[in-house]
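Hi,

Here is the structure I promised to pass on. Have a look, and then read on for what I found in it.

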Amino acid sequence: MTTRIFAIETSCDETAAAVVADGRDLLSNQVASQIEIHRRFGGIYPEVASRQHVLAIQTVVQDALAEADLSWIGQADLLAVTHGPGLAGSLLVGVNMAKGLALASGRPLIPVNHLEGHVYSNWIRVDGRTAEDLFPTVVLIVSGGHTELVLMEGHCRYRCLGSTLDDAAGEAFDKVARLLGLGFPGGPAIQQAGESGDPQRFPLPRPLMQAQEHRFNFSFSGLKTAVLHLARRLEQEGLDPREPRLAADIAASFQAAVAEVLVAKTMDAARAFRARQICICGGVSANRVLRSLAHAQAQEMGLPLHIPPLFLCTDNAAMIAAAAHYRATYTEILDTVDGMAMDIHANLPLA
Ligand code: KG4
Ligand code: ZN
């Protein structure tokens, strides 16, 4: 029998709802992005984000039900919602809506960790492709708020190997893009600018590559500062780092440094823990340079690598429904959870 899970995600700046069957098959996937609203400010304003969720959520929920051919919420078997980590005011909007729907339908409501959602974006089947149940799997989660290297020992069983000591990778993309006048969000802007650039023109640092005590940790704030110093030096030489050709070379050099560090540490962890598979997920995993470098190195090592298609890399509710499926299947959550008593946790860790 098919189990249909309806999920809501509002942890940051996307209002999202989706229905997923058996944790794998997408029945609907609605995402209302706030990017255009935040672009004006050059970043995300938490209060603006939560108000926008309030305005958008009802339509997003209705559209997700309609797209999945459900005429009312009671036709879903289980409900799920992101309860952390994320912006408190944003999380509250999704959690309150989910509680209302659980009350109306009488269905159990499962709280989902946003990071576990990113992990399970790998297990959603698109064009017949999905991650396999091969453990241990090394997972790299790279998003706007997180950079975590995780050893997945089985479904819903994680060991954190390392994380960033300062900025998240996505945050570094966003800050460097601002510095180069490339706009928000920075990841796609840097990627686009870097496409015509020379990644070897400016040798930038590869932070913590040689530090044994930080073998699986990351640091991106020094790299961001190195780009700032490079821009100042160029200005002193009478050059404008925002001039398109120069900005392209800086963007390409920065992107190469980030991708190299992320991929090298992920492969090192896969080797050290004898991983049988590698997964990469989160907004930054949409990056083309990162994807092709990871695929090349995984192939060299003879290891299966899975990265979700682009629309599942950035925030969405399908991944929350998928994670809820694995929680319901592999843990005791359905016997213990009281969805109506759920609180939000802005700093919720994965494990
Ligand atoms: O996972 P996500 O949608 O939200 C969080 O959970 O944070 O990730 C958003 C981050 C932003 O920092 C954005 O700049 C970055 O993902 N991003 C990218 C690309 N697309 C989005 N970074 C590099 N290259 C991209 N193509
Ligand atoms: Zn995310």
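Below are some notes on the sheets, a helix residue and a pocket.

Housekeeping: this is a predicted model, where local features need pLDDT of at least 70 and side-chain atom pairs count only at pLDDT 80 or more, while totals for chains, interfaces and linings use all residues. Residues are numbered from 1 along each chain as its sequence is written, chains are lettered from A and ligands numbered from 1 in the order in which they are written, and side-chain values use heavy atoms, with hydrogens and water left out.

**One sheet**

An open sheet of 5 strands runs in the order β3-β2-β1-β4-β5, and its pairing is mixed. (Strands are DSSP runs of E, at least two residues, and helices are runs of H or I, at least four, both numbered from the N terminus; two strands pair if DSSP finds at least two bridges between them.) At the edges sit β3 (25–33) and β5, each of which pairs on one side only. On average, neighbouring strands of this sheet are turned by 20 degrees against each other, direction ignored. Axes here are lines fitted to C-alpha atoms, for helices over the stretch in contact, and angles run from 0 to 180 degrees between N-to-C directions.

Within the sheet, β1 (residues 4–9) and β2 (residues 14–21) run antiparallel and are joined by 6 bridges. Ile-8 stands opposite Ala-17 in β2. Helix α11 (residues 318–330) packs on the sheet and touches β1, β2, β3, β4 and β5, with its direction at about 125 degrees to that of β1. Contact means heavy atoms within 4.5 Å.

Strand β5 (residues 109–113) is mostly covered, with 5 of its 5 residues buried. Buried is under 20% relative accessible area, exposed is over 50%, and partly exposed is in between (1.4 Å probe, protein chains only). Leu-109, Pro-111 and Asn-113 point one way from β5, while Ile-110 and Val-112 point the other way. The partner of β5 is β4 (residues 78–84): they pair in the parallel sense over 5 bridges, and Ala-80 stands opposite Ile-110. From β4 the chain crosses through helix α3 (residues 88–105) to β5, a right-handed β-α-β crossover. Right-handed means that, with the strands pointing away from the viewer, the path from the first strand over the helix to the second runs clockwise.

**Helix α3 and Met-97**

Helix α3 lies across β1, β4 and β5, at about 160 degrees to β4. Met-97 is found in α3. Why does Met-97 count as partly exposed? Because its relative accessibility is 21%. Leaving out residues up to four places away in sequence, Met-97 touches Ile-8, Ile-57, Gln-58 and Val-61. Its C-alpha is 9.3 Å from that of Val-54, 43 residues apart along the chain.

**Another sheet**

5 strands form an open sheet with mixed pairing, in the order β8-β7-β6-β9-β10. Its edge strands are β8 (157–163) and β10 (305–306), each pairing on one side only. β6 (residues 137–142) and β7 (residues 147–154) run antiparallel over 6 bridges, and Thr-137 has Met-152 as its bridge partner in β7.

**The pocket**

α4 (114–120), α5 (169–179), α6 (186–194) and α10 (310–313) each supply at least two residues of the lining of the largest pocket. The most comes from α5, with 5 residues.

Cheers
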